[in-house]
Amino acid sequence: MELVLPNNYVAIEQDEMMYLDGGDWNNFKRNIEGLWISSAGLRFAMRESGLTNYAGKAIVASYPILMAKAATISAPIIWATGGAAAVVAAGAGVALWNMRLFY
């Protein structure tokens, strides 16, 4: 007995099969690596302009002042935005796991 395929079948490769089945750790890892590579220009520009260094110093210098002023309103803000941030983070994780986005 011989296996006969329909006349209008399309052969797909292993990568396409994984994309159809869903993601895995390798897909997630490749997305993160691709995102890191594609953001190299931005990271270089920020480093060369001193923006990353300045931002780090500004955060360290202003942290006590910020905490003193914002401590009274930080709990309601975290409560209000925490759920939305968790949903966005979960959605981004699922997208990076399942889809081929950055490679």
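Figure 1. Met99 is partly exposed, because its relative accessible area of 40% falls between the limits for buried (under 20%) and exposed (over 50%), with a 1.4 Å probe and protein chains only. The model is predicted, so local features are reported at pLDDT of at least 70 and side-chain atom pairs at pLDDT 80 or more, whereas totals for chains, interfaces and linings use all residues. Residues are numbered from 1 along each chain as its sequence is written, and side-chain values use heavy atoms, with hydrogens and water left out. Met99 is located in the segment after helix α4 (51–98). Together with Leu35, Leu101 and Phe102, Met99 makes a nonpolar surface patch of about 330 Å². Such a patch consists of residues with over 30% relative accessible area and no salt bridge, and its nonpolar side chains (Val, Leu, Ile, Met, Phe, Trp, Tyr) are joined within 5 Å, while like charges are joined within 9 Å. A salt bridge is a side-chain nitrogen of Lys or Arg within 4 Å of a carboxyl oxygen of Asp or Glu.

**Figure 2. The chain as a whole.** The protein has 4 helices and 0 strands, where helices (H or I, at least four residues) and strands (E, at least two) are DSSP runs numbered from the N terminus. From that end, the order of elements is α-α-α-α. Of the 103 residues, 6% count as buried. The accessible surface, about 8,800 Å², belongs for 69% to carbon and sulfur atoms; the area comes from the Shrake-Rupley method with a 1.4 Å probe, and for residues only the protein chains shown count as cover. Among contacts (heavy atoms within 4.5 Å) with a separation of 6 or more, 83% are between residues 24 or more positions apart.

**Figure 3. Surroundings of Asn27.** Asn27 belongs to helix α2 (residues 25–38) and counts as buried, because its relative accessibility is 7%. Leaving aside residues up to four places away in sequence, Asn27 touches Leu96, Trp97, Asn98, Met99, Arg100 and Tyr103. The side chain of Asn27 also reaches the backbone oxygen of Trp97 at 2.8 Å. The cut-off for a polar contact is a pair of N or O atoms within 3.5 Å; within protein, one must be able to donate a hydrogen and the other to accept it, and residues adjacent in sequence count only if both atoms are side-chain atoms.

**Figure 4. An aromatic cluster.** Trp25, Phe28 and Trp97 form one aromatic cluster. Rings of Phe, Tyr and Trp (its six-membered ring) pair if their centres lie within 6.5 Å; planes under 30 degrees apart count as stacked, over 60 as edge-to-face and the rest as tilted. This rule gives 2 aromatic pairs. The rings of Trp25 and Phe28 have centres 5.5 Å apart and planes at 35°, so this pair is tilted. Both residues lie in helix α2, 3 residues apart, about one turn of the helix. Trp25 is exposed at 52% relative accessible area, and Phe28 is partly exposed at 21%. Phe28 also forms a tilted pair with Trp97, at 6.3 Å centre to centre and 40° between the planes. That pair links distant parts of the chain, since Phe28 is in helix α2 and Trp97 in helix α4, 69 residues apart. Trp97 is partly exposed, at 34% relative accessibility.

**Figure 5. Lys29 and Leu96.** Lys29 is in helix α2 and is partly exposed, with a relative accessible area of 36%. Lys29 and Leu96 are 67 residues apart in sequence, and their C-alpha atoms are 8.5 Å apart in space.
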